[in-house]
Amino acid sequence: MYIGVDLGSTNLKAALYDEELRCIAQKSAPVEYIRRGEFIEFDARAYVDSLVMILGQLTAEYPGQIQHVAFTGQAESLVCLDAEGTPVCHAISWMDERSVEECAFLETQFSADVCHRITGQQAILPTWPATKILWIRNHRPVIFEKVATYMLLKDYVVYCLTGKKTADMSIATFSFYFDIYRKCYWTQMLDAIGICEQQLPPLIEPGTIVGTVTTEMAALTGLSPETRVNTGTLDHFAGMIGTGNTTPGGITLSTGTTMVLATMSEGKPDPDWDMALHYGFLPDTYVMLPVMESGGVCLDWFRRTCMGNIDYDTLNKEVSESPETGLLFLPYLVGTNAPEFDREATGVFFGLRQEHTAAQMAKAVMEGVCFVLRKNCEDILSKGTAISGIVATGGGAKSPVWCQMQADITGLTVDVPAVTEAACLGVVMLAAWKAGRYASLEQAAKDVKMVRTYTPDSRSDVERKYQKFCKLYQAALTIAND
């Protein structure tokens, strides 16, 4: 039996799978934060205690039967340890925004081109652990002097279970001090933030079996001391595996508050590509991961503010029954990152008349998000990676009308898997492959079941509307810059 653990930002989840990789039990626990302005922290030891609790709940009914535990989850949250391996301060969440000034300083030290060619990232952001470490150095010198090891959260949890310090490269790719092409730490960045390589764990490939559960952790969790711990991979990458997207050509689309596309690059990417690139979940592979903050947040905003906070089932029914209009919506309520990276972009309704209903406006919102999806698909195509289709996950996958829009507007089939919350399944598939159950991840992917396929309807009015959408964005950009 296997347990897949998703170290989430809102909830910590664990799911138990039998030998056929069928999920037979799930447990979760909320994550508690300490929030002070732009500071967002949490107690790393309490986080591990919550994991111990839910693992104990899962193992109670199956003592001694769990052979593998594999981890996925968030990337950038930072844990600072002393020489004994004890946290010296609260963990700093990836959502924390304290290091804006440190970002500005690092921009004076490294050009955007150099950063992208080494880290694959397109901007220096407060999200990155490198900037948080520099903040600690500048503002908490006493703590800075105590830190023996800087770890990212998933690596820290694996350390707590096994006693071994390692750094999964599919997580290190989000640190801003990892060279994704040379597969080593970026020493010039380490010098700039004031730490040395000895303060970071040894790098390992995703999916590595780190070791077995310590005697102490076995007693606390109910796991066997012989249970093997697999480091797993990033949550978005585990989601790719769990939706059967393990080779170039497939896109796993997660539509929640944000919209995220995940696709494996065809071969080694060009460092000059203007796209976020990450070290992948297989050795020497790379994943393109365009993130659009203007995703489900736009529909949720419109539902709450203009439709009386109706439930999504009612909204979808009303939208599906609404006739086609020429109404357009630019879904840039929080600016836009991929593919334009225009933080000043704003939302726009265009063509609005008194006869338009709220449902027709909601339809325009959903279409606008799909137009941004198409822009990003075209950007991926321009990088030499063909797209065979989309697998939809997250809240958006529950909307038949939205999935059909995605198919019509992109011209690609949209499949919905039987398991739409695929991260835990994906990391268990990774562990099962490493344990020898499958000859390859590609073979494992063949077991992923789809429950519905949306085939594109290539209507000329959709194409005309998309071209108008692109022109509207350019017009809005021109007006904003006047």
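A nonpolar core is a set of buried Ala, Val, Leu, Ile, Met, Phe, Trp, Tyr and Cys residues joined through side-chain atoms within 4.5 Å. With that in hand, here are some close-ups of this predicted model.

**View 1. The largest nonpolar core, with 65 residues.** Look for Tyr150, Tyr177, Met189, Ile193 and Phe281, which have the most contacts inside this core. Helix H15 supplies its largest share, ten residues. Apart from it lies another core, this one of 60 residues, including Leu261, Ala362, Phe469 and Tyr473.

**View 2. The surroundings of Tyr177.** Leaving aside residues up to four places away in sequence, Tyr177 touches Pro129, Ala130, Ile133, Leu152, Cys184, Tyr185, Trp186, Met189, Leu190, Ile193 and Leu200.

**View 3. Helix H10 (residues 235–242) meeting helix H15 (residues 423–434).** The two axes come within 7 Å and cross at roughly 75°, so H10 and H15 are roughly perpendicular to each other. On the H10 side, the contact is made by Asp235, Ala238, Gly239, Ile241 and Gly242; H15 brings Ala423, Leu425, Gly426, Val427, Met429 and Leu430. Seven of the residues in this contact are nonpolar, three are polar and one is charged.

**View 4. An open sheet of six strands with mixed pairing.** Reading across, the order is S3-S2-S1-S6-S15-S14. Strands S3 (23–30) and S14 (209–212) stand at the edges with a single partner strand each, so one side of each has no neighbour in the sheet. From one strand to the next, the twist averages 20°.

**View 5. The pairing of S2 (residues 11–17) with S3.** These strands run in the antiparallel sense, paired over seven bridges.

How values were computed:
Residues are numbered from 1 along each chain as its sequence is written. This is a predicted model: local features need pLDDT of at least 70, side-chain atom pairs count only at pLDDT 80 or more; totals for chains, interfaces and linings use all residues. Side-chain values use heavy atoms; hydrogens and water are left out. Axes are lines fitted to C-alpha atoms, for helices over the stretch in contact, and angles run from 0 to 180 degrees between N-to-C directions. Helices (H or I, at least four residues) and strands (E, at least two) are DSSP runs, numbered from the N terminus. Angles under 35 degrees count as roughly parallel, over 145 as roughly antiparallel, 65 to 115 as roughly perpendicular and the rest as oblique. Contact means heavy atoms within 4.5 Å. Ala, Val, Leu, Ile, Met, Phe, Trp, Tyr, Cys and Pro count as nonpolar, Asp, Glu, Lys and Arg as charged, and the others, Gly among them, as polar. Buried means under 20% relative accessible area, exposed over 50%, partly exposed in between (1.4 Å probe, protein chains only). Two strands pair if DSSP finds at least two bridges between them.
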